[in-house]
There are 2 protein chains.
Amino acid sequence: MSPKITTELLKQLRQVMKNPKFVQEPVQAYIVPSGDAHQSEYIAPCDCRRAFISGFDGSAGTAIVTEQHAAMWTDGRYFLQAAHQMDNNWTLMKMGLKDTPTQEDWLVSVLPEGSKVGVDPFIIPADQWKRMSKVLRSAGHDLVPVKENLIDTIWTDCPQRPCKPLITLDLSYTGVSWRDKIVALRSKMAERKVMWFVVTALDEVAWLFNLRGSDVEYNPVFFAYAVIGMNTIRLFIDGDRMMDPPVREHLQLDSTLEPEFKIQVMPYGSILSELQAVGAGLSPKEKVWLSDKASYALTEAIPKAYRYLTPYTPICIAKAVKNAAETEGMRRAHIKDAVALCELFNWLEKEVPKGTVTEIIAADKAEEFRSQQKDFVELSFATISSTGPNGAIIHYKPVPETNRTLSVNEIYLLDSGAQYKDGTTDVTRTMHFGTPSAYEKECFTYVLKGHIAVSAAIFPNGTKGHLLDSFARSALWDCGLDYLHGTGHGVGSFLNVHEGPCGISYKTFADEPLEAGMIVSDEPGYYEDGSFGIRIENVVLVIPAETKYNFKNRGSLTFEPLTLVPIQTKMIDVNLLTEKECNWVNEYHQKCREVVGAELERQGRHEALRWLLRETEPLARVQ
Amino acid sequence: MSPKITTELLKQLRQVMKNPKFVQEPVQAYIVPSGDAHQSEYIAPCDCRRAFISGFDGSAGTAIVTEQHAAMWTDGRYFLQAAHQMDNNWTLMKMGLKDTPTQEDWLVSVLPEGSKVGVDPFIIPADQWKRMSKVLRSAGHDLVPVKENLIDTIWTDCPQRPCKPLITLDLSYTGVSWRDKIVALRSKMAERKVMWFVVTALDEVAWLFNLRGSDVEYNPVFFAYAVIGMNTIRLFIDGDRMMDPPVREHLQLDSTLEPEFKIQVMPYGSILSELQAVGAGLSPKEKVWLSDKASYALTEAIPKAYRYLTPYTPICIAKAVKNAAETEGMRRAHIKDAVALCELFNWLEKEVPKGTVTEIIAADKAEEFRSQQKDFVELSFATISSTGPNGAIIHYKPVPETNRTLSVNEIYLLDSGAQYKDGTTDVTRTMHFGTPSAYEKECFTYVLKGHIAVSAAIFPNGTKGHLLDSFARSALWDCGLDYLHGTGHGVGSFLNVHEGPCGISYKTFADEPLEAGMIVSDEPGYYEDGSFGIRIENVVLVIPAETKYNFKNRGSLTFEPLTLVPIQTKMIDVNLLTEKECNWVNEYHQKCREVVGAELERQGRHEALRWLLRETEPLARVQ
């Protein structure tokens, strides 16, 4: 991976930063955030402005360009990747390390007095605008909205915004109709005394209307906004996809409906002016509910006194708690996914020793096996297929320049997942196809102990996920090891593989309490720069637990693994496990045998079945 | 404990809330916070306004009185106590429970449109003012400062503000002179480019000048403010105590000093006008540093553009990291404290079976034994001496109405501590003087497992204490038990027994990272309402740990117990302990024997020594 040469681009950007055609007054700094106008984590090619200007294409990062400097903030998952992809024009700001300044503090330290800092108001979330603008103002600078996106002005071959056909989901997948979702939303609005709700996140629009799309790779969403009133529904969406008969029927666009369920379809680009019209027509006490992460542009469309901002929207919270239809779908998807991975690992075991399997070939093979499964739609994120030192690049994606051949001498880490019409998967397994070293086994076993500590944790109803994060680290900490990422994220149901409002992280303080039906990942790891990476990830469902005293009827929760893929026992130093941990592994493998074994049998995949049975032999602990 | 009858007082308060003599416009609600003008947790009798109006005298709680309602917010430590102390005029708002509204949300739900909510601007911290005022404003109400404290207007027999003599501490106790502390503070000020620093917390004033007082019971502080400029020092303090020759000498008030170390002594009451004068005289870029918890009144004295607010002041952070002199002092104090408790428990073991020892007698006896130790000053908080059901009242203090007799049939919980000139102690032990039930032993052992999990935890340098909180709960959670308080708080060095900026709590998200030299408590518990309370508390010092891999040179930390008092082995169900936990107990008891045993020997306390030796016999675990 050679870095992108950005000297010329930065020169052009610095020119437009002073060009009165684009900016009212010259800006001394320009911020290029990661997201799109919907604050999406995964974005369409036309929105990859930060990658265009810097070369760094990880999923999280913010670039700031001043007349003298170009700096990139990103987190521990991406330190190595960003360092590889960016040229010497860029300074890497490692977030989470003690001495790394915040963007605001850094700006204050480098800017000349009374500077203007520009940003596209559609791209920056309102809460971030507020925080930055406050710090900058108190240091004598100004954060200013620059209407025209300055990257777009220099990005001559910027791709078009996608506008692909929609998929409709019936009740067997969603469990609840879009009408009932609107009814529930309006009742939450009535509770909070708000008259309007603005849906800005793409997965929230998709979930609300039981529609899916493919405008963004890996995330089955489509570019749209919605504005829900107590008696009106407006859907802002482009293209002739709303002419598609199944979509029209699903949304009952041509039926005679009660007026409050009649959907008005409007152009995507008209959201700002329509919202401004809503804002201008409000009577006192008529509030408008927005996420505090909605864009500054849309938030400003509503006069301040009429805004009702919350960190999580009622849709985000409702979406996180999966109903029976969704949970069953997720279970089915994970069984199919396990079948594909048993096939893959069986194949790898045979092929790797021949020295012909590269990271890219392995990733492609994983996709091939998954695509053979029913209702497969696409992958849920770019497959992390990494061997040896590449495994230490936490969100690595193999490309021809970095593509390594798998061997019997190196650890192989595969973090992959798929979108099926009935659910979303995300699983990481770390394997050795030869003989792992004692140190590799030691590290793997600590990671496994952390994985089990979270998966088997019992906690009172209402506990926030971040309170479980340290359980995943304790075994690593005891010997002076750690990993620089959170332990888990929410997972959508045939939706985004990363979703709020719950998670398991030392960083997430605003997470909502865990409740039965929520689905998160459990993925501790350990990374040795330049040598190897280890991660063990299951997707787990929050379920009620049985405890002796049940928290005085508050209720007990624990997790049930939905992922059912063997954990390589060859990598485990059994003597480092407690009896309880050992039993956990054996029971987990027994369940893989039963559930996935039956499906392999049903699909006539006998060789993979034999592999599964071999890999799930019970561990024996020396007493 | 019978509740305070508040009908008449509330009537009077509701009258002054409308009386133009005291309020510019009538206020429909009046907030009575817990603290004083320094946001102290422990307050002088003249500042106990919330207790006066409601009867509830716990250390934390906020009262709000409207024309129709009177409501009290407090946390899990005080649910039972508040319910006992308040009459039917009051509604108890249990903070931390899911359905309890915030004060702001509650106000919005009960107030008529366009209401005014009054509060004393000296008593409410600026950050809280900001938060409340925002929510109230967005709901159409106004938070207004009421200059005259409305409680004081109806509190006819309000005691005088104390003004007691000062104690000077020399270098052997403090390790650093006040001049060097001023130099260090000014260098922090220069780093942040601020010209003035306002010291508002009483323990910060005391620490900065190496002075102690006794204006507030249990906390060796005195009423004062300080304003530190780059070349000036102003100390706002009342009374003739500054005429005391040792104090004059300590502060070098009569010496010819470099002008930047010359202390100007000013009346306590002149802080507001002096600060307003500072605020009025600022040139652009001259910032004033305040805690964001300083009072709204003082914060408003500085024009907004000139304020530099942080959650923790540089004094708070410096004070938390104890130097060698302070650490050694804390060690000495804890050994003396252990001697006193060995005497006490030996005495209780003999006396309790006679049926003559009440909670109050036991508490008094504890104080008597402590007062025999060198450099004893006073207790560090009101002794929690509780037996049977009283033990479930987390911050219980025995009074004649509730005073129970200790017996061989009930658990006894003693949470107590002292101020010695060389350090502050805080220790909880839970004992049974007869035969504990299997259930009592089971609960005690889970609490002990939690205590050990924190005390023996190893974690990377820079970890925040709140990430360790769940370790203390894990064993309890496994069987469906929990406790509704944090696990630990910072402890001052001959200063407040509760201090920031570190702690171990599921609630504390703004805590500063732990570093070697910080001192916190480790005190998980379990409480069975109506039956018993269990808590095991040590004060522990953060120290470097040795780990196999040392976090890639980031450094490893762990805790060393400073408290050295036996943990009653009779209460332990050894079969619930792991081998590691069993070894921890045995090693801890071995250290108690060696260190405290030697001191008991030296003091000629042979009977208590024999008690210590018996209580520290090694546990034997059945394999």
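In the predicted model, chain B is superposed on chain A by a rotation of 180° with 0.0 Å of shift along the axis, at an RMSD of 0.0 Å. This is the relation of a two-fold axis, and the same surface serves both copies, in that 100% of the contact residues of chain B recur in chain A.

The interface brings 36 residues of chain B into contact with 36 residues of chain A. Between them the two chains bury about 3100 Å², of which 56% lies on carbon and sulfur atoms. On the side of chain B, the residues that lose the most area to chain A are B:Leu467, B:Trp477 and B:Tyr549, which together account for 21% of what that side buries.

Polar and charged interactions also cross the interface. Between chain B and chain A, 14 residue pairs are in polar contact, with both residues of each pair at pLDDT 80 or more, and six salt bridges are found across the interface. In one salt bridge, B:Lys580 pairs with A:Asp478, and the closest N and O atoms are 3.9 Å apart, a separation that falls within the 4 Å limit applied to such pairs.

The elements of chain B that give two or more residues to the side touching chain A are helix H5 (126-138), helix H16 (438-455), strand E21 (459-460), helix H17 (469-478) and strand E25 (525-528). Of that side, the largest share comes from H17(B), with five residues. By residue class, the side of chain B that touches chain A divides into 16 nonpolar, eight polar and 12 charged residues.

Definitions and conventions. Residues are numbered from 1 along each chain as its sequence is written. Chains are lettered from A and ligands numbered from 1 in the order in which they are written. This is a predicted model: local features need pLDDT of at least 70, side-chain atom pairs count only at pLDDT 80 or more; totals for chains, interfaces and linings use all residues. Side-chain values use heavy atoms; hydrogens and water are left out. Contact means heavy atoms within 4.5 Å. Buried area is the accessible area (1.4 Å probe) that two parts lose on being put together, summed over both. A salt bridge is a side-chain nitrogen of Lys or Arg within 4 Å of a carboxyl oxygen of Asp or Glu. A polar contact is a pair of N or O atoms within 3.5 Å; within protein, one must be able to donate a hydrogen and the other to accept it, and residues adjacent in sequence count only if both atoms are side-chain atoms. Helices (H or I, at least four residues) and strands (E, at least two) are DSSP runs, numbered from the N terminus. Ala, Val, Leu, Ile, Met, Phe, Trp, Tyr, Cys and Pro count as nonpolar, Asp, Glu, Lys and Arg as charged, and the others, Gly among them, as polar. Copies are superposed by least squares on the C-alpha atoms of residues with pLDDT of at least 70 in both.
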